[in-house]
Amino acid sequence: MRHTQLFQILLICACWMISVIGQSSHAATIQGQVTGVESGELIQIKTSDGRYRQVKLAGIQIPRHSRIWTANAKRHLAMRLAGGIVTVDYQKLTAKGVILGLVRHGGADVALQMLKAGLARVSIEDPLNPQTLRVYQTYEARARNRGMGLWH
């Protein structure tokens with residue numbers, strides 16, 4: 001009986017450690033000036049070393065079924081970022097070498113702003129920690145319930 005309780009405690013501790021490791025905030029951070037907006041989820045930045053990098057906003061996708069909403073999302077993102085400096089926390093690159101990361105501008109999470117405006121959907125395919133995923137899903141649902149953006 002005592003060994004069973006000890007085993008259960010160890011198992012709980014191991015699960016907790018795995019969840020903490022899996023939620024590490026990021027592997028790398030870069031900063032750069034936005035030089036272009038390719039779409040509502042893809043930007044180009046110029047880093048301090050003069051390199052141009054493509055960055056995909058992790059956690060969101062722009063529905064492609066409507067050219068109008070695709071254009072609206074791109075325009076909204078371009079107006080929000082227009083030549084600004086962004087910070088990108090990322091863990092990986094896509095197969096095409098595009099940085100997939102959490103983009104912040106003025107301290108605000110840019111993907112979350114797109115979700116709040118109703119101009120994006122949550123992408124469960126991107127690597128997000130569970131807490132961030134829940135926040136994103138909450139704001140997508142709020143935009144949908146209020147009939148905002150592509151949900152009208």
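The side chains of Arg64 and Glu41 meet in a salt bridge, with N and O 2.9 Å apart. The two residues come from distant parts of the chain, 23 residues apart. This is a predicted model. Three salt bridges are present in the structure.

- Arg64 sits in the loop between strand E4 (60-61) and helix H2 (67-81).
- Glu41 sits in the loop between strand E1 (28-37) and strand E2 (42-47).
- Arg64 has a relative accessible area of 54%, so it is exposed, the cut-off being over 50%.
- Glu41 has a relative accessibility of 9%, so it counts as buried, the cut-off being under 20%.

**Salt bridge Asp126–Lys56**
- Asp126 and Lys56 join their side chains in a salt bridge of 3.0 Å, N to O.
- The pair links distant parts of the chain, 70 residues apart.
- Asp126 lies in the loop between strand E8 (121-122) and helix H4 (130-145), while Lys56 belongs to strand E3 (residues 52-57).
- Both Asp126 and Lys56 are buried.

**Salt bridge Glu140–Arg144**
- The closest N and O atoms of Glu140 and Arg144 are 2.7 Å apart, and the two residues form a salt bridge.
- Both residues lie in helix H4. They are four residues apart, about one turn of the helix.
- Glu140 counts as buried because its relative accessibility is 9%.
- Arg144 counts as partly exposed because its relative accessibility is 37%.

**Charges and the ring of Tyr139**
- The charged end of Lys116 sits over the ring of Tyr139, 4.8 Å from the ring centre.
- The charged end of Arg142 also sits over the Tyr139 ring, 4.7 Å from its centre.
- A search of the whole structure for aromatic pairs finds zero.

- Asp89 lies in strand E5.
- Asp89 is buried, yet it has no salt bridge.
- The nearest side chain of opposite charge is Arg104, 4.3 Å away. A salt bridge has to fall within 4 Å.
- Asp89 does have a polar contact: its side chain joins that of Thr29 at 2.8 Å.

**Ala82**
- Ala82 is found in the loop between H2 and strand E5 (85-93).
- Ala82 counts as exposed because its relative accessibility is 62%.
- The C-alpha atoms of Ala82 and Val37 are separated by 8.5 Å. Along the chain, these two residues are 45 residues apart.

- E1 and E2 run antiparallel and are joined by five bridges.
- Gly36 has Gln44 in E2 as its bridge partner.
- The two strands E1 and E2 form a hairpin, with four residues between them.
- E2 also pairs with E3 in the antiparallel sense, over five bridges.
- Gln44 stands opposite Gln54 in E3. Gln44 therefore has a bridge partner in Gly36 and faces Gln54 in E3, with strand pairing resting on at least two bridges.
- E2 and E3 form a hairpin with four residues between them. In that turn, Gly50 has a positive phi of about 85 degrees.

How values were computed. Residues are numbered from 1 along each chain as its sequence is written. This is a predicted model: local features need pLDDT of at least 70, side-chain atom pairs count only at pLDDT 80 or more; totals for chains, interfaces and linings use all residues. Side-chain values use heavy atoms; hydrogens and water are left out. Buried means under 20% relative accessible area, exposed over 50%, partly exposed in between (1.4 Å probe, protein chains only). Rings of Phe, Tyr and Trp (its six-membered ring) pair if their centres lie within 6.5 Å; planes under 30 degrees apart count as stacked, over 60 as edge-to-face and the rest as tilted. A charge sits over a ring if NZ of Lys or CZ of Arg is within 6 Å of the ring centre and within 35 degrees of the ring normal. Lys and Arg count as positive and Asp and Glu as negative; His and the chain ends are not counted. A polar contact is a pair of N or O atoms within 3.5 Å; within protein, one must be able to donate a hydrogen and the other to accept it, and residues adjacent in sequence count only if both atoms are side-chain atoms.
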